[in-house]
Amino acid sequence: MHLHDFWFLLIAFLWTGYFFLEGFDFGIGVLTKLLARDRTERRVLINTIGPVWDGNEVWLITAGGATFAAFPDWYATLFSGFYLPLLAILVCLILRGVAFEYRHKRPEDRWQRNWEHVIFWCSLLPAFLWGAIFANLVHGVPIGRDGNYAGGLSDLLTPYALLGGVVTLVLFTFHGAVFAALKTDGDIRTRARRYAAGLGLATAVVAVPFLVWAQGDSGNVRSLVAVVIAVLALAVALIMNRRGREGWAFGLSGVAVAAAVAMLFLALFPEVMPSSLDPAWSLTAANAASSPYTLKIMTWVGVIMMPLIMAYQAWTYWVFRKRIGTRHIPATH
Amino acid sequence: MNLALAPETLARWQFGITTVYHFFFVPLTISLAAITAGLETAWVRTGKEKYFHATKFWGKLFLINIAMGVVTGIVQEFQFGMNWSDYSRFVGDVFGAPLAMEALLAFFFESTFIGLWIFGWDKLPKKIHCACIWIVSLGTILSSYFILAANSWMQHPTGYTIDKATGKAQLTDIWAVLTQNTTLVVVFHTLTAAFLTGAAFIIGISSFHLLRAKRRRERGEELGEKRKKQVGAMRASLRVGLVVAVIAGIGTALSGDQLGKVMFEQQPMKMAAAEALWDTQAPAPFSVFAVGDVSKGHNSVELEVPAALSFLAHSNFTDSVPGINDIAQREADAYGGQPDDYIPSIFMTFWGFRLMIGFGMTSFVAGLIGLWTTRRKRWLAPAFRTGEDEVPRLMLTKKREMSPLLSTWSWRIGILTMGFPLIANSFGWIFTEMGRQPWAVYGLMKTADAVSPGVSQTEVLISLGVFTLLYGVLAVIEVRLLTKYAKAGPDTDEKPPAKDPKLRLPSGGPGGPGGRGGPGSPDGGASAEDEDADKPLTFAY
């Protein structure tokens, strides 16, 4: 295996980790308006991800940085090509992060309500936009001879991309509901399970057609396997959720997220950004990669650090393993 | 196209605004993380409540800051690709590596352990909890190291070759990038400046509280136990701030001098511009004040210290220092075009350099004076003592023990100094980045060739507008929140965690695999957990 193939794999892994982790963060954000009935319940939900959301978001930064280091051309075309959607995501991530930290810092109702709006909308929008961006990425976008994006915003707003956005939004919300059921206690936990059941079905309704469409559009045998795993995992997650096996349900919804992301990357490989204008202008793992020397160094750093990072992040989840209920929420400051 | 609205100009404005803004939070985060860690260590080791309260107080302000630092940092990583895609293509092989290392070796630590620290007060043993903030601190420092290594490569490219087939820079020696003198000196300079910034922040806020206490005292108000404790925590903090300010101030000056020497060698144009030194001179004077006229190629007004610049550049009073006109001619000969193309904004570099040094050194001097006026012999008036542990050191009354410098005005200066290093930092960056122009990567790639060719003027205009507006609004919110919490002072009613929680591992651990069993498990942990089952969280969003 070439090093650039390994790095394609690693970047796919980073994105998968990002969507697995921040997927339920986004879902929780969206659920603060759907599932929570009052402020205390909203705080229960927010606090399930309180200690971990920041660490989860670093997966995105690392995916970005790794792409920059390992595939500069991919990074350049991707980030300049999806300019406006990425701008919107950035604005959302900025506001959302600040909202988590600042919401509880003043007692005024208006202050807290405004930040709660921010948490909802700035979770919903990126959850949608990431799906739209990845759908476009896999389908192919107009990339010119010079490797630059040659289209406009309208080229990104295809029905296929919009469906992709809806899929990630609903899938992440489902993933978030399953996570809420696993991490909360009391009345909200029961309701989270009920929401998960509904959202799981909704996910199936939008995700199955999308995955079939994506498979037909740019799939191959490997990606077909991922599609099958994603669909099966979703189905079993729903069954487990129904039976009240929350740990299993969460694990499986995570598998569904991971398999869906894996499907997109498997469909992509060996290209990293197919051109819809001329296949010869597509960016591939080989032609967008850094020099073998850079890849070698980064491989050492990645291979040593990733297991360590995953170990201490897992430990964080262990430290904060206790379920949270409304009775655990201290009075507002 | 209107040049003022050319994508390059807009992209540069955006980079300037977002970076200077981001760098308000960075130095505060770096220094407050370490200082909070130091205070928590003091608490863990001595068990004194004032250190606990100081830790909580500065920790809170630190968190308000780091929230902004983290989120504005994401923009930095994205915008290379968004606005500067040709730059990214050209340098990615070299420049991407330290950025990715930053994420893998620093960001993950920072972001994960900050969560543990914020929420872990009652979940982690004291020592582990304290270790978490040290890891965060280490993460912030490592993070600055890698990003400065990347920036130093733009200032002075090394350890690379230009690939003949693609025309792109290719890394040949990572150690050269990570350990070149530019990197090491810049890291030293930036870190010391960061600590000066945090120290001034602490001095300012402590001064505010101590002045308030002094005034209350002068009005004849009796200070309650709570206020006395606040004074104790603030006095301890003030001393920490002053000591750090002096050490960091000396470090900033020394490293700044070193960095100047490195830059005289590596980017003579930047240093000539910093001095508005138009013509090569031996010995070269240090300019105190000048009004340059680029079109004429000389200064219209000038006030100089003879031979001082030669000393700064070469450590002697005789050697010649090359002037702007000569260097510009040399660069035009080497890279083509007109000499004028290679002259950065003299106004910005000259004044940026002076404001950086001026504001930075003022806060250092303020720290030095403060340290002297609050030295050991000055005692804390009895009215402020909490009885717990106050060694009389700092006095706050107007009576006989008062040093003349410790008047209301000296406290006010302490408060005022707070913002000085922030101004110095900003101008330092503006100076060093604008002084490198027209280059994005010195000698290799011009800024004009670095922008994204596929991104339209409208798109950059939108993002520039959005970021300016968003950052402006957030600045107002942040400063107000910071002021509110800074003014409130330490919450001295808060009690340190009563018991030290045991650390339990997922399986195994001291109790073996059965450790998680029922109430009868050997370590009794499970029953302790049941007891706490309904206890509210000590910290919640």
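Visitor: Are A:Glu22 and A:Arg96 buried or exposed?

Guide: A residue is called buried under 20% relative accessible area, exposed over 50%, and partly exposed in between (1.4 Å probe, protein chains only). In this predicted model, both A:Glu22 and A:Arg96 are buried. Local features need pLDDT of at least 70 and side-chain atom pairs count only at pLDDT 80 or more, while totals for chains, interfaces and linings use all residues; side-chain values use heavy atoms, without hydrogens and water. Residues are numbered from 1 along each chain as its sequence is written, and chains are lettered from A in the order in which they are written.

Visitor: What do the side chains of A:Glu22 and A:Arg96 meet in?

Guide: They meet in a salt bridge (3.6 Å, N to O), a term for a side-chain nitrogen of Lys or Arg within 4 Å of a carboxyl oxygen of Asp or Glu. The pair links distant parts of the chain, 74 residues apart.

Visitor: Which residue forms a salt bridge with A:Asp187?

Guide: A:Arg191 does, with the closest N and O atoms 3.1 Å apart. A:Arg191 counts as buried at 3% relative accessibility, whereas A:Asp187 counts as partly exposed at 45%.

Visitor: How many residues of chain B are in contact with chain A?

Guide: Contact means heavy atoms within 4.5 Å. By that rule, 85 residues of chain B are in contact with 76 residues of chain A.

Visitor: How many salt bridges are there between chain B and chain A?

Guide: The count is 2. B:Lys168 and A:Asp73 form a salt bridge through their side chains (2.8 Å, N to O).

Methods:
Helix = DSSP H or I, 4+ residues; strand = E, 2+ residues; numbered from the N terminus.
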